[in-house]
Amino acid sequence: MEDIFHWCREGNAMQVRVWLDDTEHDMNQGDDHGFSPLHWAAKKGSNKIVEMLLLRGARVNATNRGDDTPLHLAAAHGHRDIINMLLRQKADVNFTNEHGNSPLHYACFWGYNDIAEDLVHHGAIVSIVNKFGDTPLDRAKGNLAKLLHDIAVEAGQDLKKIKFKDQSWLGMKTRSRDATLSRFKGINFKDLRFLEKIASTPSGESWRAIWQKNDVVAKILNVRNCTARISRDFNEEFPKLRIFSHPNILPVIGCCNSPPKLIVINQHMQIGSLFRVLHESSGLVVDTAKALKFAVDIAKGMAFLHSLERIIPEYYLNSRHVMIDEDLTARINMADAKFSFQERGRVYYPAWMSPEALQKKISDRNWQASDMWSFAVLLWELATRDVPFADQSPMEVGMKIALEGLRITLKPGISSHLAKLIKICMNEDPGKRPTFDMVNPILEKMLR
């Protein structure tokens, strides 16, 4: 796995592209010093690789061990084009590292005048004080300090000094991911330390656990009789869920095949599921902008899944199967996919399912169109903050959607644009529903 860091340092765009095409490779992993591929490409000035990584969804604000973001490294090494690419992808222009330095501190210290001007025009604050008591203006040479001061005044910045405050202990930085997670495939049951049960569903029990100092979720599948054939099928199917190559997919890291226990393992998300965020006491306030951002994330993740071969026989999109990462990115949880040997035909959350998904066999339905119906219900859920058909039992809901035309009601508070999109995505004719590639630009336009 170390080759990716070497290729980014050397600027080998062809090898990076080939590496990225493997879904098991995690572009947001860090090396021993926490440098992600994007960190190295930004530091070395590899424009093509930076552009490629950003298009694939690399985390723009991930930090290394010293709390540098890729923007810090690009500013410190004078790569103006890369800085503008990062800023277009919403890089945090005022992020400070462990020394309290912002990217503007580095641009000023090294005398990159054009870059310093670009950063201030994009909102970089000139009065942030680092650990050593210096603002970016204190580090500037020649006439640069006056120039940046004038730009800041014109932009309406408050020039009162912002003192350095060490907040590293809060643990709020988004680190590059531990590379050991993406390397992990199989594990001995004895190496898992179970801490607490966090969920119990018909498909299995989910436990928060520790594996080699990594905080993980271990889902013990509910399998009545773990035969040799089931154990073999499990080993064949779980690697298909190790999709590290997209930021909106939460991959299965690996498995523990210790009959009678079959366990799938993924990274622990402290915030929890989208269902918890919307309907339970998660502490996260979801305004309209956040709701739309979650919708965009989910649509991007589903578009990626639809670009692959059908992963496993059954995966049903709903808010319980979408996890929220520490940087408020929505990620589709591959650990919630159903394996071929699990209860076939059993439906636990029919409120999000299309009529044809409840009526027809898997082989007889358009699963992409069925996913789009489920996404429409998710959009309604994000807009209303309500649980669909919460006053009825799952069995009632399933029967009524399939046979009696039960549908969600578009309430007056929903914006006209979103209401129209929900209707389009829930077209009764599966063949007339849009694809996720078609929906994405619409949602991103709403987000602007």
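**Exercise 1. In what order do the five strands of the open sheet line up, and is the pairing parallel or antiparallel?**

Before you start: this is a predicted model, where local features need pLDDT of at least 70, side-chain atom pairs count only at pLDDT 80 or more, and totals for chains, interfaces and linings use all residues. Residues are numbered from 1 along each chain as its sequence is written, and side-chain values use heavy atoms, with hydrogens and water left out.

Step 1. Walk across the sheet and you get β3-β4-β5-β8-β7, with antiparallel pairing. Strands here are DSSP runs (E, at least two residues), as are helices (H or I, at least four), numbered from the N terminus. Two strands pair if DSSP finds at least two bridges between them.

Step 2. Now look at the edges. β3 (193-201) and β7 each have a single partner strand, so one side of each has no neighbour in the sheet.

Step 3. Zoom in on β7 and β8. Five bridges join this antiparallel pair, and Ser258 has Lys261 in β8 as its bridge partner.

**Exercise 2. Work out how α12 sits on that sheet.**

Step 1. Find the contacts (heavy atoms within 4.5 Å). α12 packs on the sheet by touching β5, β7 and β8, and its direction makes about 165 degrees with that of β7. For that angle, axes are lines fitted to C-alpha atoms, for helices over the stretch in contact, and angles run from 0 to 180 degrees between N-to-C directions.

Step 2. Sort the residues of α12 (228-237): Ile230, Ser231, Asp233, Phe234 and Glu237 are buried. Viewed down the axis of α12, the buried residues fall within an arc of 165 degrees, so they line one face of the helix. The arc uses the directions from the helix axis to the C-beta atoms. On the other side, Ala228 and Arg229 are exposed. Buried means under 20% relative accessible area, exposed over 50%, and partly exposed in between (1.4 Å probe, protein chains only).

Step 3. Ask what does the covering: β5 (214-221), β7 (254-258) and β8 (261-267) are included.
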